[in-house]
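Here is a colleague's note to read beside the model. Please keep the structure open as you go through the points.

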Amino acid sequence: MPELTLKELSVPGHRGPRLMPLDVPAQGAERVIPKDRLRRAAPALAEVSEPVAVRHFVNLSTLNHHIDKAIYPLGSCTMKYNPKLNDEVARIAGFAMLHPLQPEETSQGAMAVIWELQDWLKAVMGMPAITTQPVAGAQCELTAILMTRAYHRDRGDAREEVIVPDSAHGTNPSTVHQVGYRVVTVPSGPDGRVDMGALRSAITKKTAAMMLTNPNTLGIFETEVGEIARLIHGAGALLYLDGANLNAMVGLANPGAMGFDFAHINLHKTFSTPHGTGGPGGGVLCTRQELEPYLPLPVLEKSGERYSWSYERSRSIGRVHSHYGNFGILLRALCYMRTLGGTGISEVSREAILNANYLKARLVEAYAPSHPGYCMHEFVLSASRQKARGVKALDLAKRLLDFGMHAPTTYFPLIVDEALMIEPTETETKASLDSFADAMLTIDRETIEDPARVKAAPTKTPVRRLDEARAARRLELSWQDTEAHGGAA
């Protein structure tokens, strides 16, 4: 049965908890609030009892796929399980009830949390300067490229281009354009790594920076990273690490030693804090010491046992987000790191790499790998064999939903035909990996024996396959939109 909306469940007179009596005099409200802002009538809210409201949202939660239900092998997104201990710590009243506008005197504990987290992350990344203000990896990218522009302007050297490999994380080109630079794309070589000859040809006096994803989106480690850093720095440019795939090397290798000038961390990926569909993600940007003056304001400082925010930074690019980042996410990340310790953090990467290689080994006979050999924490398969039978990667992804599993990333990276990008993460057991592999192999057999079944999928989900072209043209984001369009699509 479809879940009704709260508007459809509404019954006049039904209600949940009683509200506290109004503690502001009703008379005289017009003296505080402008008359044109005062409501003339009660809002048309749904009238439901508390049990009805609770059941409604519980029912909705079971209709969505999430990591608490089953494996979520969405390549590049690192959808690992989030330990509930971290959530419990974040709910401690002293943390949960903080307000970002509190004075420093009453925020010392929270500032200590951020300081300790920064110490951990600087050690892991091998870089001395840091900001926790960005709230996503893409915002870290934006911060770093804005800092790059400020760095070159200070030297009277207005550069124009940023080099981005074709195997880079997908947001990199957008970030470059947003700051006003021009993207110079460098192709991959036969081994899936940056074509070094093409890179040498792309570097000019106009090059401001290079954005490198390592491991890249093919799940392959860029073994020439030291030479790449030498070439970029030799041209007076900066080297940026997109940390989307940091889950493959945290605790095993650090960006500072590789020669990166910037490196970002997605706390909602590598350090197991909730993904937030646009928020409340967590981004951290680390830099080498020479770039520290350009970090966003404010910068956390410590004198003795006291913490403070410094706004006296004449070369800073300014704020990139309100306040100091998503504190609840920063707190969860610190809890995660302290739980694991240094040895546990390196074990995360080892198990992520092991899980990915095990899964790849089980699937390569049925699905063509983008490149032979071992992978890092993720790998890319091609559904080209299945496409030859009339079944596309999209069909395979939809059919996988019928097995109660989320699909891998499809059609990315763009350099692989019919791409299936798979990242199991370290939080999946061998039994879970085997269940996923068995489902993928079953679907492969179906493309031979019953392709129509795969092309008709999903058949067991609350919603069948949508008209994606129509959905893009006619957004329905609320029940008002649906009613305006004459009911359900």
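**Notes on the cavity, the sheet and the backbone**

1. Thirteen is the count to start with: 13 residues line the largest cavity, and T131, P298, V299, L300 and W309 lie nearest its centre. On a 1 Å grid over the protein atoms alone, a cavity is a set of points where a 1.4 Å probe fits but cannot get out, and lining residues have an atom within 4 Å of a point. Strand 1 (129-131) and strand 8 (299-303) are the elements that give two or more residues to this lining. Strands (E, at least two residues) and helices (H or I, at least four) are DSSP runs, numbered from the N terminus.

2. This is a predicted model: local features need pLDDT of at least 70, side-chain atom pairs count only at pLDDT 80 or more, and totals for chains, interfaces and linings use all residues. Residues are numbered from 1 along each chain as its sequence is written, and side-chain values use heavy atoms, with hydrogens and water left out.

3. The largest cavity holds about 80 Å³ of space, where volume is the space filled by probe spheres set on the grid points, joined across faces, edges and corners. Its lining has eight nonpolar, five polar and no charged residues. Here Ala, Val, Leu, Ile, Met, Phe, Trp, Tyr, Cys and Pro count as nonpolar, Asp, Glu, Lys and Arg as charged, and the others, Gly among them, as polar.

4. Four strands form an open, antiparallel sheet in the order 10-11-13-12; two strands pair if DSSP finds at least two bridges between them. Strand 10 (368-369) and strand 12 (409-410) are the edges: each has a single partner strand, so one side of each lacks a neighbour in the sheet. Helix 12 (residues 327-363) packs on the sheet and touches strand 10, strand 11 and strand 13 (419-422). Contact means heavy atoms within 4.5 Å.

5. Two bridges join strand 10 to strand 11 (residues 379-382). A368 has S382 as its bridge partner in strand 11.

6. Check two prolines. The L297 to P298 peptide bond is cis, with omega about -10°. P298 sits in the loop between strand 7 (283-287) and strand 8. The bond from N214 to P215 is also cis, with omega near -5°. Most peptide bonds are trans.

7. Which non-glycine residue has a positive phi of about 70°? T425 does. T425 is buried, at 0% relative accessible area; buried means under 20%, exposed over 50%, partly exposed in between (1.4 Å probe, protein chains only). H323 has a positive phi of about 60° and is partly exposed at 25%.

Terms used
On a 1 Å grid over the protein atoms alone, a cavity is a set of points where a 1.4 Å probe fits but cannot get out, and a pocket is an open set with protein on both sides within 12 Å along at least five of seven lines; lining residues have an atom within 4 Å of a point. Axes are lines fitted to C-alpha atoms, for helices over the stretch in contact, and angles run from 0 to 180 degrees between N-to-C directions.
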